[in-house]
Amino acid sequence: MKRFCIHTITTKPLTIEECLIEFPKRGVTGITIWRQALEGRNGTDVRRQAADAGLDVISLCRGGFFPARNAADRQTAIDDNLKAIAQAHALGAPVLVLVCGSVPGQSLVESRKQITDGIAAVLPAAEKAGVKLAIEPLHPMYADDRSAVNTMRQAHEVCDALGSPPTVGIAVDVYHVWWDPELKQQIDLAGKTGRLHAFHICDWRTPTMDLLNDRGLMGEGCINIREISDWVDATGFTGHREVEIFSDRLWATDQHRFLDQIASSYANLYQS
Ligand code: ZN
């Protein structure tokens with residue numbers, strides 16, 4: 001199927017080797033790799049194995065988590081992001097996704113400043129490696145400890161503050177931004193500024209039982225995924241649509257059957 005990508009975290013119980021076998025059987029053509037799936041593996045080997053499986057490596061997830069209470073911890077975060085950039089380079093992943101981070105009790109303005117400084121510190125390494133950095137705005141329910149960047153507008157503001165380097169852009173994840181009244185206009189702006197680096201899909205369940213691990217399969221929830229996807233495509237974006245689902249409920253099911261469900265849900269979504 002066209003532009004069909006799955007994140008390794010979506011089928012967390014499977015090893016990356018199993019993902020490389022099972023994804024292509026469902027028509028998947030792209031894989032986004034989470035760093036924990038790489039543990040004990042050599043990035044260059046995985047790059048070759050993915051190519052042999054006929055899968056493009058779309059992104060590496062994830063870097064970020066720049067804000068911290070003290071300079072030593074901020075430097076630790078920078079060092080980890082430099083490592084992630086090197087991993088992305090070894091994998092042949094063109095994009096590193098950034099979950100930017102936040103510190104409970106620290107002002108969001110200060111955290112956004114630290115995020116901007118952190119990205120600036122790793123930018124030369126990313127440019128040298130040819131790895132794009134994609135700021136992923138996270139839903140405001142994560143503003144306390146996962147990301148002080150909660151809207152597309154704020155992601156654009158970080159890009160602006162950095163001087164709009166072409167390496168830095170935005171990962172649009174429908175789960176995080178579907179509610180935003182400015183969404184279409186901010187997606188248009190991302191297209192015009194060359195900042196649309198990645199597009200993630202899943203669904204929002206009602207009621208949501210867990211803030212992190214109760215995402216829905218496309219079609220199980222209330223997000224206007226196809227409409228948002230069409231807005232993204234209207235900017236000229238031709239990249240993969242990446243299925244990224246964290247779900248204790250779905251991880252507890254048979255992952256081969258779950259992959260079949262993902263493929264049929266994707267086919268339904270993009271059938272016309
Ligand atoms: Zn995402």
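Modeller: Two strands pair if DSSP finds at least two bridges between them. Strands are DSSP runs of E with at least two residues, helices are runs of H or I with at least four, and both are numbered from the N terminus. This is a predicted model, where local features need pLDDT of at least 70 and side-chain atom pairs count only at pLDDT 80 or more, while totals for chains, interfaces and linings use all residues. Residues are numbered from 1 along each chain as its sequence is written, and side-chain values use heavy atoms, with hydrogens and water left out.

Arg3 counts as buried because its relative accessibility is 17%. Buried means under 20% relative accessible area, exposed means over 50%, and partly exposed lies in between, with a 1.4 Å probe and protein chains only.

Now E1 itself, residues 4-7.

E1 has partners. It runs parallel to E8, joined by 3 bridges. There, Cys5 stands opposite Glu242. E1 also pairs with E2 (residues 30-34), again in the parallel sense, over 3 bridges. Ile6 has Ile31 as its bridge partner in E2. To get from E1 to E2 the chain passes through helix H1, residues 16-25, in a right-handed β-α-β crossover. Right-handed means that, with the strands pointing away from the viewer, the path from the first strand over the helix to the second runs clockwise.

Next comes E3, residues 56-64. It is largely enclosed by the rest of the structure, because 7 of its 9 residues are buried. E2 and E3 are parallel and share 5 bridges. Thr32 finds its bridge partner in Ser59 of E3. Helix H2 (residues 43-52) carries the chain from E2 to E3, and this crossover is right-handed.

The peptide bond from Cys61 to Arg62 is cis, with omega near -10°. Arg62 belongs to E3.

On to E4, residues 95-99. Here 4 bridges join it to E3, and the two run parallel. Gly63 pairs with Leu98 of E4. Together E3, helix H3 (residues 71-91) and E4 make a right-handed β-α-β unit. The loop between E3 and H3 holds Phe65. Phe65 is not a glycine, yet its phi is positive at about 50°. With a relative accessible area of 28%, Phe65 is partly exposed.

What does Ile119 touch, not counting residues up to four places away in sequence? Its contacts are Phe66, Leu98, Leu133, Ile135, Val158, Leu162 and Val168. Contact means heavy atoms within 4.5 Å. Leu98 is the bridge partner of Gly63. Ile119 is also among the residues with the most contacts inside the largest nonpolar core, along with Leu133, Ile135 and Ile201. That core has 78 residues. A nonpolar core is a set of buried Ala, Val, Leu, Ile, Met, Phe, Trp, Tyr and Cys residues joined through side-chain atoms within 4.5 Å. A second, separate core has 10 residues, including Trp34 and Val97.

The last stop is the zinc ion. Which residues coordinate it? Glu136 (OE), Asp173 (OD), His200 (ND1) and Glu244 (OE) do, at 2.0 to 2.2 Å. Donors are N, O and S atoms within 2.8 Å of the metal (3.2 Å for Na, K and Ca); water is not among the atoms, so sites may look incomplete. The 4 donor atoms subtend angles of 82 to 156°, which makes the arrangement irregular. Four donors count as tetrahedral if all angles lie between 85 and 135 degrees; four count as square planar and six as octahedral if opposite donors are over 155 degrees apart and all others between 65 and 115; anything else is irregular. His200 lies in strand E7 (residues 196-201), while Glu244 is in the loop between E8 (241-243) and helix H9 (248-251), 44 residues apart. Both His200 and Glu244 are buried.
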